[in-house]
Amino acid sequence: MEVAGSIPLALFMICMALIFTEVESLKQSYVPALFVMGDSLSDNGNNNFLPSVAKADFLPYGIDFPLGPTGRFCNGRTVSDYFGEFLDIPFVPPYLNPTTRGPNVMRGVNYASAAAGILEETGRNYGSRISFSQQVSNFGITAREIAVQLGSAQAAAKYISKSIFLFSFGSNDYINNYLQPSIYATSRRYSQQGFRDLLLSEYSKQLSALYEIGARKFVVSSVGPLGCIPEQLANTNSNGICVNSVNGLVEDFNGGLRKLMGYLNENLPGATFVSQSSSYSTVMDIINHPRSYGISVVNQGCCGVGRFHGQITCNALVFPCPNRGQYVFWDAFHPTEAVNLILAKAAFDGGPAYAYPINVRQLSQL
């Protein structure tokens, strides 16, 4: 009886030890806030407040999102939404929402704007957008609000240094700049390498500016395979196969971006820059091996009109496909929620092929 009676006590002690370990683990990985910068891959409503044709505040956008159409360019959650979920951070508000002030900024803010690029001029054909440099300036305003909420600049600096910053820039600098010679002169002014270097120089400048404000944990997404998006397939002579020349531009940029992350890791003390390469490599793997991911349609949008549903992107007059989880692309440009989840999981817990030099979970524990 004595031995039998000791078993529940032993189990109780083991369970308490496991609970204590789990609590300590959660404390170690606690991230106070998530700050998101980028383009339509991350915009969660900022363009709703701008005079722009790049908006997604209507159905069928958000058809699978718990809050309905909010301005996200997806049927559901974005990659940054999933990162927040994994970090136990609620959906962060868009910066331009008038209520995103005071205590409402303390778990994070989304500054991303559809059509925005690394360069100031990028995306002007869509109307107003918040450029990368302006997003950085907007965070400076938020940083001062955090200091007011916490009572001192020192407390704010510590808070910001523990927070994670996400970035998704570069797509528009190609598809809404360099690859549109009738609107932009960049393809005549710069070689492929020259334009890449211009983008990387400006990227470095803006990331360094955020470092000066206090950011220390950076997750920088590579550009996805733009040669495979329905818009490119529809507007080239493609027969449904990815456009190699466009993907070549992207691969060249991504290679330079990864090198830039290494340089910044070596030269900005106390900062960690994670290169999120899953945005390109994982999407390509899904396209090449769709069945492995439960995907069946890789070269047309779930919602759109014309060839590959990419000549006219999703709008309020278009009915989306019913089997959205089986598509890579939601509209002419953006992934579905199903693919966003795959990308987020790969970067959050994956190895160096998806996030380098550490993954997002490991970054959260620093």
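Biologist: When the bonded cysteines of the chain are numbered in sequence order, what is the pairing?

Modeller: The general idea is that a disulfide is a covalent bond between the sulfur atoms of two cysteines. Here a disulfide is taken as a pair of cysteine sulfur atoms within 2.5 Å, and with the bonded cysteines numbered along the chain the pairing reads 1-2, 3-6, 4-5. This is a predicted model, in which local features need pLDDT of at least 70 and side-chain atom pairs count only at pLDDT 80 or more, while totals for chains, interfaces and linings use all residues. Residues are numbered from 1 along each chain as its sequence is written, and side-chain values use heavy atoms, with hydrogens and water left out.

Biologist: How many disulfides does a search of the whole structure find, and where in the chain are cysteine 228 and cysteine 242?

Modeller: The search of the whole structure finds three disulfides. In one of them, cysteine 228 is bonded to cysteine 242, with the sulfur atoms 2.0 Å apart, and the torsion about this S-S bond is about 115 degrees, so the disulfide is right-handed. The pair links distant parts of the chain, since cysteine 228 is in the loop between β4 (217-221) and α8 (230-234), whereas cysteine 242 is in the loop between α8 and α9 (244-267), 14 residues apart. The helices named here (H or I, at least four residues) and the strands (E, at least two) are DSSP runs, numbered from the N terminus.

Biologist: Is cysteine 228 buried or exposed, and what is the handedness of the disulfide between cysteine 302 and cysteine 321?

Modeller: Both cysteine 228 and cysteine 242 are buried, where buried means under 20% relative accessible area, exposed over 50% and partly exposed in between, using a 1.4 Å probe and protein chains only. Cysteine 302 and cysteine 321 have their sulfur atoms 2.1 Å apart in a disulfide, and because the torsion about their S-S bond is about -110 degrees, this disulfide is left-handed. Cysteine 302 lies in the loop between β6 (297-301) and β7 (304-305), and cysteine 321 in the loop between β8 (312-313) and β9 (327-329), so the pair ties together parts that are 19 residues apart in sequence. Cysteine 302 has a relative accessible area of 3% and is therefore buried, and cysteine 321, at 7%, counts as buried too.

Biologist: What links cysteine 303 and cysteine 314, and which cysteine sulfur is nearest to that of cysteine 74?

Modeller: Cysteine 303 and cysteine 314 form a disulfide with their sulfur atoms 2.1 Å apart, and with 70 degrees about the S-S bond the link is right-handed. Cysteine 303 is in the loop between β6 and β7 and cysteine 314 in the loop between β8 and β9, eleven residues apart, and both of these cysteines are buried. Cysteine 74, by contrast, is in no disulfide, and the nearest cysteine sulfur, that of cysteine 302, is 9.9 Å away.

Biologist: At what angle do helix α3 and helix α7 pack?

Modeller: Helix α3 (residues 132-150) and helix α7 (residues 192-213) pack at an angle of about 5 degrees, with their axes 10 Å apart; axes are lines fitted to C-alpha atoms, for helices over the stretch in contact, and angles run from 0 to 180 degrees between N-to-C directions. That makes α3 roughly parallel to α7, since angles under 35 degrees count as roughly parallel, over 145 as roughly antiparallel, 65 to 115 as roughly perpendicular and the rest as oblique.

Biologist: Which part of the model calls for caution, and over which residues is the pLDDT below 50?

Modeller: Where pLDDT is low, the predicted coordinates should not be read in detail. The pLDDT, the predictor's confidence in each residue from 0 to 100, averages 93 over the chain, and 92% of the residues score at least 70. Over residues 1-7, however, the pLDDT is below 50, and beyond near neighbours in sequence this stretch has zero contacts in the model, where contact means heavy atoms within 4.5 Å.
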